[in-house]
Amino acid sequence: MKSNPNDSTLGKQVGLTCCPTCNKVTCAKSACCSRCDTKLIIRDYASLQKSWALLITAAILLIPANLYPITTLTNQGKVTQDTIFSGIAHLVKTDMIPIAIILFTASILVPLLKIIGLTIYLTAISFKLPISKKNLMIGFHIIEWIGRWSMLDLFVISLTVAVVNMGQLLDAKPAPAATAFALVILLTQLAAKVIDTRLLWDRLESKNDSSTNT
Amino acid sequence: MASDALDNSVTLCRSCDLVIRKRALPSGVRALCPRCHTQLYDTPYCSINGMLALCITAIIFFFPANTYPVLELEFLGSMRTTTVLEGAIAVYQQGYWVVAVAVMTAAVIAPGILLVSILVQIVIIKYGLQHSLLRSILKQALKLQGLLTQLTMLEIYVISFLVAAFNLADFATVSFSFGTFCFTMLFIMHLFLLREYDIEHMWSFLEK
Ligand SMILES: [Zn+2]
Ligand SMILES: [Zn+2]
């Protein structure tokens with residue numbers, strides 16, 4: 001899209017704001033959105049701390065999620081416990097590479113990238129790092145989109161547990177890491193959701209790439 | 001500038017607060033924020049009747065998708081099946097209620113409420129816009145729309161059938177059944193429904 005000269009005017013500067021729920025543009029002085037009655041906030045500075053808190057908790061929970069077993073399998077009396085990683089390693093050994101790649105991406109790569117990405121993003125806002133805002137925002141959109149795919153492993157576990165229940169013969173059960181993993185997904189999704197992305201563009205305004213478009 | 005907003009010629013990017021002048025778009029093209037590439041708006045091509053048909057079809061598939069087995073497993077002559085619902089319950093019975101709630105919400109509850117909500121929205125827009133009570137129901141439904149869409153993870157569940165089946169094929173015979181078909185159809189209908197759905201267009205009915 002071609003840009004015009006007044007490209008960097010912000011809603012804040014002209015007394016307009018956008019409703020967080022329904023995206024309607026309203027006069028910034030009004031307390032509530034005229035269309036859906038949501039409380040209007042021009043900038044949510046507290047969102048930064050909320051997001052940090054959620055993200056740090058998620059990062060801590062990522063450790064038990066990967067160290068503890070996520071499933072327990074009884075096969076003809078023999079009990080084996082698998083962590084996320086050993087489960088994937090087993091798939092590689094039995095030559096199911098495509099499935100191993102899918103699970104590796106959804107269960108290891110995505111949560112890790114999400115936590116690292118959000119950390120960079122929040123650090124850039126909190127400590128005004130001179131990282132390209134455009135790249136940060138593209139990364140943020142990718143994190144938002146791909147983050148939900150971590151749920152794949154939990155769905156697979158629930159299906160497996162329900163269908164493999166033959167007592168001592170063959171039996172699958174979830175193990176403690178499943179809860180930790182579910183919480184990691186929940187907390188990272190929330191951390192990305194609460195953050196007011198407009199703060200990034202305010203804080204670094206003087207620095208760089210506000211002029212790259214004009 | 002403030003008066004511009006009233007005639008809808010100006011919009012704000014919700015990610016970076018940039019002021020953007022709206023312009024007419026060819027159909028199927030999305031406007032992106034020139035600064036941060038967030039999606040701004042597109043040409044609404046939502047037909048209320050088309051959405052109604054898709055929504056009803058999706059609801060019809062919703063029930064067998066959740067009550068018929070989605071996965072069948074045969075091991076040393078004995079047979080086990082599971083539905084989407086039983087999957088969540090099995091995890092719950094093992095004490096992993098956090099996982100159970102997550103699975104239940106993303107695969108059953110959120111899609112169910114989403115479909116009913118869209119149906120209610122369409123019916124109100126078609127027949128009940130003059131009643132103030134129905135208008136406020138429509139408003140609440142539209143406010144919930146974003147959250148429900150995010151919580152609905154049918155596409156991920158469809159992939160999880162395949163992953164679970166390949167996983168188990170190692171030591172047992174696994175097959176799909178009628179429920180799998182219905183669930184996949186539910187996913188496809190919901191996909192087309194959300195392609196037609198345009199939240200800005202739905203809000204515009206309330207502003208009339
Ligand atoms: Zn609003
Ligand atoms: Zn923007």
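1. Domains first: chain A of this predicted model splits into domain 1, covering 1–42, and domain 2, covering 43–213. Taken over C-alpha atoms, the centres of domain 1 and domain 2 of chain A sit 32 Å apart.

2. On how the two domains of chain A meet: eight residues of domain 1 are in contact with seven residues of domain 2. Between them they bury about 630 Å², with 40% of that on carbon and sulfur atoms. If you want to know where to look on the domain 1 side, K12(A), I41(A) and I42(A) lose the most area to domain 2, together 55% of what that side buries.

3. Now the polar side of that interface. The domains of chain A share one salt bridge. The side chains of K12(A) and D202(A) meet in a salt bridge, at 3.6 Å from N to O. As for make-up, the domain 1 residues touching domain 2 come out as four nonpolar, two polar and two charged.

4. K24(A) deserves a separate look. You'll find K24(A) in the loop between strand 1 (16–18) and strand 2 (25–27) of chain A. Is K24(A) buried or exposed? K24(A) counts as buried because its relative accessibility is 18%, and the cut-off is under 20%.

5. What does K24(A) touch, leaving aside residues up to four places away in sequence? Within chain A, its contacts are T17(A), C18(A), C19(A), C33(A), S34(A) and R35(A), and from chain B there is E207(B). With E207(B), the link is a side-chain to side-chain polar contact at 3.0 Å.

Definitions and conventions: Residues numbered from 1 in each chain as written. Chains lettered and ligands numbered in written order. Predicted model: local features only at pLDDT ≥ 70, side-chain atom pairs only at ≥ 80, totals over all residues. Heavy atoms only, no water. Domains from an automatic or database assignment. Contact = heavy atoms within 4.5 Å. Buried area = accessible area lost by both parts, 1.4 Å probe. Salt bridge = Lys/Arg side-chain N within 4 Å of Asp/Glu carboxyl O. Nonpolar A, V, L, I, M, F, W, Y, C, P; charged D, E, K, R; others polar. Helix = DSSP H or I, 4+ residues; strand = E, 2+ residues; numbered from the N terminus. Buried < 20%, exposed > 50% of the residue type's maximum accessible area, 1.4 Å probe, protein only. Polar contact = N/O pair within 3.5 Å; in protein donor to acceptor, adjacent residues only side chain to side chain.
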